[in-house]
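Hi everyone, thanks for coming. Let's have a look at one model together.

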Amino acid sequence: MTPSITSQSLRLSSSFSIAALQPHTFSKIPLPKSHLRVSRQAPLFKPILAVQSNVLLPDASKTATFQPSNAPNLTAVNTEAMEVDRATEVELKENGSRSKRRTKIVCTIGPRTCGFDELEALAVGGMNVARINMCHGTHEWNRKVIEHVRRLNEERGFAIAIMMDTQGSEIHMGDLGGATSSKAEDGEIWTFTVRSFGSNCPERTISVNYDGFAEDIKVGDELLVDGGMVRFVVTEKIGPDVICCCTDPGLLLPRANLTFWRNGSLVQEHNAMLPTISSKDWLDIDYGIAEGVDFIAVSFVKSAEVIKHLKSYIASRSPASNIAVIAKIESIDSLKNLNEIILASDGAMVARGDLGAQVPLEQVPSIQEKIVQLCRQLNKPVIVASQLLESMIEYPIPTRAEVADVSELVRQQADALMLSGESAMGQFPDKALAVLRSVSLRIEKWCREGKQHATFEPPPISSSVSAGIPGEICNGAAKIANKLKASALFVYTKTGQMASLLSRSRPDCPIFAFAPTSSVRRRLNLQWGLVPFCLNFSDDMESNLNQTFSLLKARGLIKSGDLIIVVSDMLQSIQVINVP
Ligand SMILES: Nc1ncnc2c1ncn2[C@@H]1O[C@H](COP(=O)(O)OP(=O)(O)O)[C@@H](O)[C@H]1O
Ligand SMILES: C=C(OP(=O)(O)O)C(=O)O
Ligand SMILES: [K+]
Ligand SMILES: [Mg+2]
């Protein structure tokens, strides 16, 4: 399986089919002088002289597409061929493209950030994925958010993906009759009940969403709000009412999660009874499919079956859709079936909020690292979520410990970091985003500088995932890019698979991923190191490269002499090219 370099084109040895290599790709263009340093058979990438027939027609309404201002012959380059957004462009130019941020950022959208201007600020600040949590907000409310994000993508060239997160069958409190919070004091008696009250909630009474609540819980059990932010002990049961005494005082927030513990262990009976995807969740999923969301994150996944079921449901409801399913790892059950769940999914989320309410907190960091590594082995993107910058809900700067936590996640090379309350309802959403951005940039640079390539190998791809020839090509391309200190890797990918495999190798340079549709582009925006572009490319790599070089040069994102390593899912080859 050892690839061999022939000229600037690395082809796999003859044991593989190289029929896909079209001879004319490399033969019909004369040899440029600038390429002599690298190879004697290099193709020339001369400027395009006519609009390519494969590219999209110009549309004046798009403001963020490439407009090559310095091109002497404007008709020579199709100006509508590729989309890029200001935020990416600025990041690429800020400190040179090699310093582009690799770690992606997911922002939960809530009352603080649901307006167009606030969403625009997040987009400009570097948000890659907007998450809507179906625990909160009506379909109408969420539709507005989706519309705003769509508008930003269309008008400003952003590739912000929408992630819909299901409520799942968790047990949680009601909405406190409209109050923003309620304080429980030490020793106070509170009633938890399955009755519902609307806005006339009696004092010190909390409604619970799970009908079996009063049957399942026993006198002496501990009731934990939000994993222990407030704690009660059950003193008495009277019909549907459970009388509790507060033992750890604190602030009760609307719809806070509830868990109960008996003799120091989590009581799991109720979990087994509840379906992972509730009837409400199915209605939300129908809504998500109809709205064309990019990701559906499934809460409290217990097994791979539910993921497979959902994927086939999506495929039957909307065969053309490209919705990826993310498994949220946040329960003891999911830890038991981790491998199969992640294999069945299109990605995973380490949902530390609920996870930390189900396993002892001191186990969360090692579980997190294990999941991050497993996802890398199985070639699935991984998001780490919850309390990254929790103090920034109230304060304009994070704690030192929070910065250390974020740094550690960046060092582990998770694909994406997620903001929850910090962006949904905190006072400083833009500042929190800026902290994730700057810590990512700093730590990524530090890791690159300290890394010894001689010993660097990505974790082996699991035998349960067959990456085959594309996997070898991508590993090889990443290694070459590191050794030659390339400016960028280019990947032309129809489904996104080759881009994912390159991202898995976590190379030192950014990966410019060219995808033919906006939906593949948005989906790639979750993955580490990928700078996704929408480009209507052809099977003729030479013309694709001509077109891409012209457009990127015109925009100042690459320049003559830059060393680029190119792979595509149309050819089994790696090309090493100096930008002409
Ligand atoms: N759509 C929304 N409407 C109102 N509040 C929201 C919304 N989304 C998130 N929030 C607020 O932000 C907090 C943090 O968000 P998140 O972590 O997604 O939810 P939860 O705390 O329910 O798991 C929520 O507890 C809630 O107070
Ligand atoms: C991300 C999480 O899920 P949610 O915010 O939906 O509870 C979590 O529990 O950490
Ligand atoms: K949720
Ligand atoms: Mg959760």
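At what angle do helix H4 and helix H7 pack? First, some ground rules: this is a predicted model, where local features need pLDDT of at least 70, side-chain atom pairs count only at pLDDT 80 or more, and totals for chains, interfaces and linings use all residues. Residues are numbered from 1 along each chain as written, chains are lettered from A and ligands numbered from 1 in written order, and side-chain values use heavy atoms, leaving out hydrogens and water.

Now the answer: H4 (residues 139–156) and H7 (residues 279–291) pack at about 25 degrees, with axes 12 Å apart. On the H4 side, the contact (heavy atoms within 4.5 Å) is made by His139, Asn142, Arg143, Ile146 and Arg150, and on the H7 side by Leu283, Asp284, Tyr287 and Glu291.

H4 has another partner: helix H3 (residues 116–125) packs with H4 at about 50 degrees, their axes 10 Å apart. That makes H3 oblique to H4. Among the residues in that contact are Phe116 and Leu119 of H3, with Val145 and Leu152 of H4.

On to the ligand. Of the 13 residues around ligand 1 (a heavy atom within 4 Å), Arg131, Asn133, His136, Trp141 and Met425 come nearest. Polar side-chain atoms of Arg131 and His136 each lie 2.8 Å from an oxygen atom of ligand 1, while one of Asn133 lies 2.7 Å from a ligand 1 oxygen. Thanks, all!

Conventions:
Axes are lines fitted to C-alpha atoms, for helices over the stretch in contact, and angles run from 0 to 180 degrees between N-to-C directions. Helices (H or I, at least four residues) and strands (E, at least two) are DSSP runs, numbered from the N terminus. A polar contact is a pair of N or O atoms within 3.5 Å; within protein, one must be able to donate a hydrogen and the other to accept it, and residues adjacent in sequence count only if both atoms are side-chain atoms. Angles under 35 degrees count as roughly parallel, over 145 as roughly antiparallel, 65 to 115 as roughly perpendicular and the rest as oblique.
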